[in-house]
Amino acid sequence: MLLSLATQEGIIAAEHIPADSPLALRGMTVSYGEKPAVFSVDMTIQEGAMTAIIGPNGAGKSTLLKAALGVVKPLAGHVTVFGQSLKSQRHRIAYVPQRASVDWDFPTRVLDVVLMGLYRELGLLRRVRRAHVEKAMSSLDRVGMTDFADRQIGQLSGGQQQRVFLARALAQSADLYLLDEPFAGVDAATEKAIISVLKSIKDEGKTVVSVHHDLATVRDYFDHVFLINTRKVAEGTVGEAFTEVNLHKAYGGRLATAQMDQLNLAAI
Ligand code: ADP
Ligand code: MG
């Protein structure tokens with residue numbers, strides 16, 4: 001009885017997941033204590049698009065990414081990556097965590113941070129070959145950081161560290177990039193550099209999903225949005241889903257009308 005139910009559920013769930021979606025979550029619930037941080041969330045990411053995950057502080061945005069990566073264990077729900085199990089496709093995902101969550105209290109060279117992105121290619125012996133160094137250097141080049149290859153990561157500015165983390169993700173040659181607030185606390189030049197790299201990743205047909213804080217840049221930077229406040233509020237193209245009504249649903253009274261007026265929202 002239980003088995004047949006499980007099988008049936010599996011079939012029902014599979015029917016609702018487009019096989020070409022790089023990342024799909026179904027019924028995702030995550031809780032650290034009594035109150036869920038993410039509740040029963042369905043999310044379907046479009047291939048080749050740039051999707052912003054938007055919502056107020058504590059809305060569960062970081063938790064959602066961690067659940068997608070299998071870093072936190074959900075109470076319920078499941079993840080598919082390119083229509084298959086997370087485990088079998090995990091190597092196709094690159095993750096750039098929220099910078100504040102990374103604490104470099106031991107000395108690590110910038111080049112070595114980027115080489116960490118190549119751990120799968122380095123093999124069991126972790127032997128770094130010339131080709132690996134070249135790949136890492138070319139990733140650093142894409143983010144304008146080759147001059148810093150020998151520096152200690154802890155000595156760099158926040159913006160420079162963020163570029164290095166992006167270089168590490170690039171070195172992985174992933175198909176799906178998950179980033180958690182990559183623009184938080186970075187200088188304007190770094191923001192420009194990062195968005196231009198993300199757009200070039202997208203132009204290569206890859207998929208970018210990023211937690212994003214600054215509502216004013218959503219229209220310029222992203223094609224799709226996913227609004228969350230513990231539960232899903234809305235998902236869709238910026239034109240469909242980045243609306244005043246949905247922002248009110250997600251943020252409640254936390255967004256002033258004056259702020260809304262500046263967002264040039266879809267007129268729905
Ligand atoms: P966001 O990224 O949208 O700001 P988070 O996913 O970080 O939100 O957090 C969602 C909720 O879960 C918050 O209430 C937060 O305090 C809580 N939370 C996040 N991480 C932990 C943790 N490791 N232990 C306990 N509670 C956590
Ligand atoms: Mg967060």
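How many residues does helix α8 have, and how far does it reach from its first C-alpha to its last?

A: This is a predicted model, in which local features need pLDDT of at least 70, side-chain atom pairs count only at pLDDT 80 or more, and totals for chains, interfaces and linings use all residues. Residues are numbered from 1 along each chain as its sequence is written, while chains are lettered from A and ligands numbered from 1 in the order in which they are written.

Helix α8 covers residues 188-203, which makes 16 residues, and reaches 22 Å from its first C-alpha to its last. Helices (H or I, at least four residues) and strands (E, at least two) are DSSP runs, numbered from the N terminus. The reach of α8 is close to the 22 Å expected at 1.5 Å a residue; the expected span is 1.5 Å times one less than the number of residues.

The buried residues of α8 are T190, A193, I194, V197, L198 and I201. A residue is buried if 20 or more other C-beta atoms, placed from the backbone, lie within 10 Å of its own, exposed if 12 or fewer, and partly exposed in between. An α-helix has 3.6 residues a turn, so residues three or four places apart point the same way. On the other side of α8, the exposed residues are A188, A189, K192, S200 and D203.

What does the buried side of α8 pack against? Its partners are the strands β3 (50-54), β7 (176-180) and β8 (207-211), and the helices α6 and α7. Helix α7 is residues 158-171, and α6 is residues 130-142.

One set of contacts shows this packing residue by residue. Leaving aside neighbours within four places in sequence, L166 is in contact with I194 and V197, and also with V96, V143 and P182. Two residues are in contact if their C-beta atoms, placed from the backbone, lie within 7 Å. L166 is also among the residues with the most contacts inside the largest nonpolar core, which has 71 residues. A nonpolar core is a set of buried Ala, Val, Leu, Ile, Met, Phe, Trp, Tyr and Cys residues joined through C-beta atoms within 7 Å. Helix α7 gives the most to this core, with seven residues.

After α8 comes G205, with a positive phi near 90 degrees.
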